[in-house]
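Hi,

Here is the structure I promised to pass on. Have a look first, and my notes follow below.

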Amino acid sequence: MLLSRFAESLYWAGRYLERAETVARMVKVHTELLLDLPRAAGVGWLPLLAVTGQGEEFLDRHTAPEEEDVVEFLATDTKNRGSVLASLAQARANLRASQVVLPREAWEVVNNLHGWAAADTSGAIDRRTRLGWMDHVVGQCQLLAGALAGTMCDDEAYGFLLIGRHLERADMTIRVLDVQAGVLVGQSQGGVSGGPGALGGSDPPDTPYRDVTWMGVLRSLSAQQMFFRTEGGGVSGPAALRFLLQDERFPRSVEFCLAATARGVGQLPRAALPLASCAVAQSRLRALTITDRFTPGELNQLVDELELGIGEMHEILARTYFQLEGVPPALVEPA
Amino acid sequence: MPTRTEPRWSGYRSPGFFDEMLVGGRARDACTGVVRYLASLGAELLDRQRAAELVIQAMGITFTVYSEADDGDRSWPFDVIPRVISTQEWNAISAGLVQRLTALNMFIDDLYGSARVIADGIVPAEVLASSTNFRQQCVGVRPPGGVWAHICGSDLVRDRDGTVYVLEDNLRVPSGVSYMLENRLVTKRVFADLFRDLDIHPVDSYPNRLHDTLAGLSPRPGDRPTIALLTPGVHNSAYFEHAFLATQLGAHLVEGSDLVVDSDDRVYVRTVRGPVRVDVIYRRVDDLWLDPEAFRPDSLIGVPGLMRAWRAGTVAIANAPGAGVADDKVVYAYVPALIRYYLGEEPKIANVPTYLCGDDADRSHVLANLDELVVKPANESGGHGVFVGSAATLAECEEMRLRIEADPRNHVAQPILALSTAPTLCDGQVVPRHIDLRPFILSGERPYVTQGGLTRVALGEGSLVVNSSQGGGSKDTWVLDPTVFGPPVLDPTVFGPAELTDR
């Protein structure tokens, strides 16, 4: 039987590891993207801050979104609780607190990764070493996921790690869509021949760059290759959105993450309430039809509803399993 | 190729001290095989030391040092040369430790019960009245079997003449046993060949025996009581050991906030399945922090209501709250008398002669001979506040004198013992270093003493401080039967030439 405290630590470890991996990947992809875009495209570093929801926090401390400042803020600034390094520190602290239920190697991977990242903060910022730094973080997070999958019992402890990972992943995918897809959907409104507010507006003056950025969205979620395999090539707004929101097989789609969360929760005792909250978000997603006429307003509303749903799932999980709210004492006697 | 200097054994001497392994350049009986083997390794001994250090790093065996920044985990310092004790000697020591713990437990039970020992004038009432570890909240409680100190770590030292003394008994939350177990794993890896040929007693039954001792305390007899190991948390210096033992025991590793005491006076652990009743708590939290309702109200690491549950008998706590009363170094002085009083036997292990500064005659003697004595605070552990007269400056002596006069009850003094030495690898050479030994004693239905224990070694030349927090290291401790040795039994390819010479 898993202690509530360990469940909570593992859940947060899952969330922070996922966040570290995702932010590192986004910084990497955005760095690559800017190499492709002309300055005139006007795409700077603000969208990245918008994804993490930290534009204001950043501008409180910096006058303008200069590349090095933004990268430092997102990668190695320990005062920013959402930075890669701060996320790794949180993941490490949580795994340390629940070390006894983990395979020893898992702790060592996180411990080493955190030590490495903390010792080489300049490597994250310098353009020449940045991509390698981000790759290392992503790679080690994936190594850890593999080590856990390969050495840990598929029990409640592993379950909470996975629940944390999938909720965070759903959350990050939604944030990326909110900001980046939001920008793209908005751009097409002003398109030459496209209908007002429609996604499929064709031939705006900056066409080549529009394709590049839809690919950027896919790439920042490691979705590009699987998207092409599934959709058979050619990037269109509706197809990309459908893939990232509703695909049942792609492990970073919102649908997949919610289903994985529901599967994990289903293994737990007293799961009725948490499962119900998963089901609300899932049914919202399944009822959605994305067409060429999908508007920024619709996207905003969807994002808001999904974010609320994820927030509520978190609250209910915490109350049910971490705070043990409403559970009578002595509910369970040892077997 | 650079040539390495071989560690030399033939010139090894430890003048003025009892050496555990060699005397006058010859191996002691129990050590013949081991010494011949180690000497035959030549420079390879250094490789084995390095291999041991790598094993320790890879296994993540660490200890925590408070003063360091961050979480301050350091690799466990380990000397690859084992410390050897003969089975015959160890059996005698074991019997003495069991005798000692039996008397100590009877004493604690008596103190919190009818206090016969005071009424009969064996221990003066003032000792009890002024003891900082006597807990009024425990008076009248009768733990199962009258046992209060289920787990004890006693420190043994050997003086110049070979006599083994108990230096102190740790009855509160003794630590170190996990390092004893890990040390053995390390030497098994680096000296696998020796384990095949020598009859070295295994140490790894300790976790099972500890489990049985704890399970035997359950207020709900059944085959699988719920056991929780209560730790102050991840920042405690012994957290590594807490996690290690919890895993070995199949116990929940809990912090205070994981436990709740309900209005039914039962203790529950908060799990994702809901609260689960706890039968036995192996606590590694000091008395005063256990329960803010009963002791320090500012304790954040305790469990409100725990004492209530314990007094109601719904949960067992090991060691029992209040057991530390016998940990007092003033009480230590009375242990031989307690053994005679409760058991009608003579002590089987010697006590170091102890002067109680609370006694006028003793104090005069102590103050007149400070430079020849060790002075200790009565209720500290971990070597804190220990004054060694022979190493003190005049100013330090004066300061000690003032401290004794200000609080005589809480100071005891003992003659300076010449701690025995054992060969230790330092900078590639085999040199004598001072050591002690901490065996662990389990008291319950079936008493148990570890085979050997944790040998601690003071790594600095001439140093007597063995605490790992102050530059001490450790050795594996091998209890083995020398009567199985002899040329016919030994494989010469493993044990090398019979004469102790360097290659």
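**What I found in chain B**

Of the 503 residues of chain B, 49% count as buried. Keep in mind as you read that this is a predicted model.

Let's start with the overall build. Chain B has 15 helices and 25 strands. Its radius of gyration is 24 Å, close to the 23 Å that the globule rule gives for 503 residues, so chain B is as compact as a globular protein of that length.

Next, the domains. The assignment for chain B gives domain 1 as 19-199 + 326-349 + 419-486, domain 2 as 220-314 and domain 3 as 353-415. Taken over C-alpha atoms, the centres of domain 2 and domain 3 of chain B are 38 Å apart.

And where does chain B touch chain A? On this side, 23 residues of chain B are in contact with 24 residues of chain A. The elements of chain B that give two or more residues to the side touching chain A are α9 (239-249), β9 (252-254), β11 (267-271) and β12 (274-277). By type, the residues on that side of chain B are ten nonpolar, six polar and seven charged.

Happy browsing!

Note on methods: Residues are numbered from 1 along each chain as its sequence is written. Chains are lettered from A and ligands numbered from 1 in the order in which they are written. This is a predicted model: local features need pLDDT of at least 70, side-chain atom pairs count only at pLDDT 80 or more; totals for chains, interfaces and linings use all residues. Domain bounds come from an automatic or database domain assignment. Two residues are in contact if their C-beta atoms, placed from the backbone, lie within 7 Å. Helices (H or I, at least four residues) and strands (E, at least two) are DSSP runs, numbered from the N terminus. Ala, Val, Leu, Ile, Met, Phe, Trp, Tyr, Cys and Pro count as nonpolar, Asp, Glu, Lys and Arg as charged, and the others, Gly among them, as polar. The radius of gyration is taken over C-alpha atoms; the globule rule is 2.2 Å times the number of residues to the power 0.38. A residue is buried if 20 or more other C-beta atoms lie within 10 Å of its own, exposed if 12 or fewer, and partly exposed in between; C-beta atoms are placed from the backbone.
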